[in-house]
Amino acid sequence: MTKKTSTVTAAVLLAALGYFVDIYDLVLFSVLRVSSLKSLGVDDSELVSTGGLLLNLQLAGMIFGGVAWGVLADKRGRITVLFGSIIIYSLANLGNAFVHDIGWYGFCRLAAGFGLAGELGAGITLVSEVLHTRIRGYGTMLVASIGVSGAILANIVANSYNWRTAFFIGGGL
């Protein structure tokens with residue numbers, strides 16, 4: 001394997017695994033939202049509004065993260081953004097495993113969304129930049145295919161562990 005081939009393979013694999021973790025987190029939060037909120041003492045009458053607030057915070061983080069990481073990727077490079085966004089996402093999910101109130105849960109979801117936004121944009125752009133035009137579609141298809149399989153793992157983990165452990169696993173991924 002030539003250096004160029006190994007670099008291209010590494011870029012596609014890194015982007016695919018990063019997207020895998022993104023989808024894992026998005027699905028995991030959806031699956032565990034109710035059980036985690038009940039564990040934190042949220043009343044049944046407040047589950048929808050509190051869950052909606054947390055989801056909105058995560059989505060706001062993704063909006064701000066998309067812009068911030070996009071600008072940073074143009075200035076510092078795609079690899080820097082990939083690793084930086086993965087570190088922020090991982091720390092936020094580890095934080096989710098240890099929250100004890102809605103305020104911190106919301107902060108961690110906001111930070112997780114911010115980190116999630118950088119990975120996919122930088123990853124797909126990197127894959128598009130390093131692959132020949134003939135195979136770019138295959139590369140992005142591989143990234144997307146591996147990425148959406150993160151939903152499968154999220155469901156398995158959510159049904160096998162409590163919500164704190166599931167977020168801890170997400171941070172470790």
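Which residues form one aromatic cluster? They are Phe29, Tyr105, Trp163 and Phe167. Keep in mind that this is a predicted model, where local features need pLDDT of at least 70, side-chain atom pairs count only at pLDDT 80 or more, and totals for chains, interfaces and linings use all residues. Residues are numbered from 1 along each chain as its sequence is written, and side-chain values use heavy atoms, with hydrogens and water left out.

**Overall fold**
- The protein chain has seven helices and zero strands, going by DSSP runs (H or I, at least four residues, for helices; E, at least two, for strands).
- Its C-alpha atoms fill a box of roughly 55 × 35 × 20 Å along the principal axes.
- Buried residues (under 20% relative accessible area, with exposed over 50% and partly exposed in between, 1.4 Å probe, protein chains only) make up 40% of the 173 residues.

**Aromatic pairs**
- Rings of Phe, Tyr and Trp (its six-membered ring) pair if their centres lie within 6.5 Å; planes under 30 degrees apart are stacked, over 60 edge-to-face, the rest tilted.
- The count comes to seven aromatic pairs.
- Phe29 and Tyr105 sit 6.1 Å apart by ring centres with planes at 85 degrees, so they're edge-to-face.
- That pair links helix H1 (residues 3–39) to helix H4 (residues 102–130), 76 residues apart.
- Phe29 is buried at 1% relative accessible area, and Tyr105 is buried at 0%.
- Phe98 and Phe168 are also edge-to-face, at 6.3 Å and 90 degrees.
- Phe98 lies in the loop between H3 and H4, and Phe168 in helix H7.
- Phe98 is exposed at 54%, while Phe168 is partly exposed at 45%.
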